[in-house]
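Student: Please take a close look at one part of this model, the surroundings of the ligand. I would then like to see how that part is set within the rest of the chain.

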Amino acid sequence: MSVRKPYAVWDAPTRAFHWINLLCVLLLVALGTTILNGKSLGISNDGKVLLKTLHVWVGYAFILNLLVRIGWAFAGNHYARWAQWLPLGRSFAAQWRQWRASRGTAALEFAGHTPPGRIAIGAMLLLMISQSTTGLLLAGTDLYYPPFGSWIAEWIAAPGVDPATLVPYQPDLVDAAAVSEMRAMRKPYAQFHVWGFYALLAAVAVHLAGVIWAERRHGSALVSAMITGRKWLASDPVDPKP
Ligand code: HEM
């Protein structure tokens, strides 16, 4: 039986990001699914505004956490940085070839993410950035929330109405023609937000399947490593700290 050695891999900010992100995504998916099915669930306009408001506040926390993690990719430990996090850097192509050649055996161990893991993270990161940008625009069009809300309110406020006093779902405060222009502008972003939701669910499923598969193959305590920071490896990793 091989003796396993602990490797300090994930630093505290990386672990905090991961679990805060998971919590935010779960809440965003639950609230988003309810908003998406609002009609068939018979939710009132007030109920919709409440759900959207909660979704947007969780969204702000999600974006802030994401921005901190992006900053940490410049400042964190070796495994938190861009070249180990995403499919980037000179080492990626070589590691990808090594990983493919070793498939089916437990011989090749990574301290950081495996090459397919980095591809899944890259896809999730792009989708989370896309959900954040489209979500911020929708927060402006639907609730007049920052950063685009005051611009939208100025655009659609009825003549003589102070844009700062607009309230969602109050048609008498807005100019009908401007609202239909604004809704035409909003439509593709709303559509993209829904596609992004489905794509993100698919990417998360791939990420989870990859974690289960890698854990069964290597048994390096992947999930608890995101709590303790340490992985337990049976051989020297291909990607040691320089
Ligand atoms: C993991 C990230 C996210 C997921 C999975 C997600 C999912 C969803 C879903 C499924 C809907 C319902 C779409 C519809 O009914 O047309 C929705 C609506 C909405 N989302 Fe998100 N969202 C995410 C992030 C965000 C963020 C970061 C914000 C803003 C800060 C945001 C703001 C909104 C708004 C304002 C709506 C209402 C728009 C509407 O009713 O069409 N979302 N979201």
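**The ligand shell and its setting**

Tutor: Helix α5 gives the most to the shell around the ligand, contributing seven residues. Helices here are DSSP runs of H or I with at least four residues, strands are runs of E with at least two, and both are numbered from the N terminus. The model is a predicted one, in which local features require pLDDT of at least 70 and side-chain atom pairs pLDDT 80 or more, whereas totals for chains, interfaces and linings use all residues. Residues are numbered from 1 along each chain as its sequence is written, and side-chain values use heavy atoms, with hydrogens and water left out.

The shell as a whole consists of 23 residues, of which Lys 52, His 55, Gly 135, Arg 186 and His 193 are the closest; a residue belongs to it if one of its heavy atoms lies within 4 Å of the ligand. Two or more shell residues come from each of α1, α2, α5 and α7.

Which protein atoms are donors of the iron atom of the ligand? They are NE2 of His 55 and NE2 of His 193, lying 2.0 Å from the iron. Donors are N, O and S atoms within 2.8 Å of the metal (3.2 Å for Na, K and Ca), and sites may look incomplete because water is not among the atoms. The arrangement around the iron atom is octahedral because its six donor atoms subtend angles of 88 to 180°. For reference, the ideal angles for six octahedral donors are 90 or 180 degrees.

The two histidines join distant parts of the chain, since His 55 belongs to α2 and His 193 to α7, at a separation of 138 residues. Both are buried, a class defined by under 20% relative accessible area, with exposed over 50% and partly exposed in between (1.4 Å probe, protein chains only). His 193 falls into this class because its relative accessibility is 17%. Leaving aside residues up to four places away in sequence, His 193 touches His 55, Gln 131, Thr 134, Gly 135 and Leu 138, contact meaning heavy atoms within 4.5 Å.

Beyond the shell, the packing may be considered. The largest nonpolar core has 21 residues, and Phe 62, Trp 85, Leu 125 and Met 128 have the most contacts inside it. At least two residues of this core come from each of α1 (12-36), α2 (45-75), α5 (115-143) and α7 (176-218). Apart from this core lies another one of 10 residues, including Ile 156, Ala 157, Leu 166 and Met 182. A nonpolar core is a set of buried Ala, Val, Leu, Ile, Met, Phe, Trp, Tyr and Cys residues joined through side-chain atoms within 4.5 Å.

Helix α7, which holds His 193, also holds His 218. His 218 counts as buried because its relative accessibility is 12%, and it touches Arg 4, Ala 106, Leu 108 and Glu 109, residues up to four places away in sequence not being counted.

The loop between α5 and α6 (149-156) contains Pro 147, which is joined to Pro 146 by a cis peptide bond with omega of about 5°. The loop between α5 and α6 also contains Tyr 144, a non-glycine residue with a positive phi of about 60°. Most residues other than glycine have a negative phi, and most peptide bonds are trans. Tyr 144 is classed as buried because its relative accessibility is 19%.

Note on methods: Four donors count as tetrahedral if all angles lie between 85 and 135 degrees; four count as square planar and six as octahedral if opposite donors are over 155 degrees apart and all others between 65 and 115; anything else is irregular.
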